[in-house]
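The sequence and structure come first.

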Amino acid sequence: MDIRIHRYIPISNVEGPGKRACIWVQGCPIQCKGCGVPWTWSKDGGTSISIDELFNKIKRSVEINNIEGVTYLGGEPFEQAEGLAKLSEKIRSLGLSIMTFSGYTIEKIKSNNRSSWSKLLNLTDLLIDGPFIESKLDLSMPWKGSSNQKYHFLTDRYIELEGKLDCIPNRIEIQFDDKGEFAINGMAKHNDLERLIEGLGHLKKQQD
Ligand code: SF4
C-alpha cells in the first residue's frame, strides 16, 4: 500500500516534542482560509511512496538522528488513515511516538465511525486537532497556529507536558540541503516568513 506525501524530512526539532521525522501528507479537503501549505490540498499532487519505503527511511533516521518519534502533518492525515495506521503500527514497534495534526476535530474523527480513522487515532500519542482559523491566529503555544486548535494527550507518552505547554516556545527552523536550497519548518506569521524567505534568498544569491 502507498501513501501520497508532499514531503518527508528525517529530522525536525520544531514539529512536536523532541527530535522527530516528519511526513506532510498530500491532499486536504478542508481548505482553511490562510492555510500555510495550500500546495498540499490537491489529492493528485505530491508523490506516492510505499509504507515499507517510508518505514525504512524512518529506521535510518533512528540510527542516524536518534529521533524519538514521527509527526504527521497536513494535508490531512485522516484522509489517508488506513496507510498511516499501518505505518504507525510499525513505527510504534520501534518504541517511537506518533504525533498527528488534523484539521478535523477529535469529535468529528470519533463520530466518523470509520475503522481506519479509529485505528490512526488509537495509535496517536499526541493529537492537535481543528482547522486553522485565520481570525484566531495565535502562535503563543507550541506547534500550532490558531487558538481553537487543541492538544489531546491520548496516551501517557507526553502527559508530563500537559501542564508545561506554555513554557515551550513555538519555534521555526531553517534546513538547507546539499544544493543550498532551504526549507522552513514550524509556525510563523505570513509576513515574518516572507521577510525571512526574502533575506535567505539574498543570502543565497551572495553565496552563488
Ligand atoms: S487542515 Fe491544515 S492543511 Fe488542511 S487547509 Fe487547514 S491548515 Fe491547511
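The sections below cover the basis of the model, the overall fold, the domain interface and the salt bridges.

## Basis of the model

This is a predicted model, in which local features need pLDDT of at least 70 and side-chain atom pairs count only at pLDDT 80 or more, while totals for chains, interfaces and linings use all residues. Residues are numbered from 1 along each chain as its sequence is written, and side-chain values use heavy atoms, with hydrogens and water left out.

## Overall fold

The protein contains five helices and nine strands; helices (H or I, at least four residues) and strands (E, at least two) are DSSP runs, numbered from the N terminus. Their order along the sequence is β-β-β-α-β-α-β-α-α-β-β-β-β-α.

The C-alpha trace spans about 55 × 40 × 35 Å along its principal axes. The radius of gyration is 17 Å, which agrees with the value near 17 Å for a compact globule of 208 residues. This radius is taken over C-alpha atoms, and the globule rule is 2.2 Å times the number of residues to the power 0.38.

## Interface between the domains

An automatic or database domain assignment divides the protein into domain 1 (2–170) and domain 2 (171–208). Their C-alpha centres lie 23 Å apart. In contact (heavy atoms within 4.5 Å) are 18 residues of domain 1 and eleven residues of domain 2.

The area buried between the two domains is about 1100 Å², with carbon and sulfur atoms giving 54% of that area. Buried area is the accessible area (1.4 Å probe) that two parts lose on being put together, summed over both. Of the area that domain 1 buries against domain 2, Val14, Leu139 and Asn170 supply 40%, more than any other three residues.

Which secondary structure element gives the largest share of the side of domain 1 that touches domain 2? Strand S1 (residues 2–12) does, with four residues. By class, this side has nine nonpolar, six polar and three charged residues. Ala, Val, Leu, Ile, Met, Phe, Trp, Tyr, Cys and Pro count as nonpolar, Asp, Glu, Lys and Arg as charged, and the others, Gly among them, as polar.

## Salt bridges

A salt bridge is a side-chain nitrogen of Lys or Arg within 4 Å of a carboxyl oxygen of Asp or Glu. The structure holds four salt bridges, and zero are counted between domain 1 and domain 2.

Glu134 is in the loop between strand S6 (126–129) and strand S7 (150–153), and Lys33 is in the loop between strand S2 (20–25) and strand S3 (47–50), so the pair ties together parts 101 residues apart in sequence.
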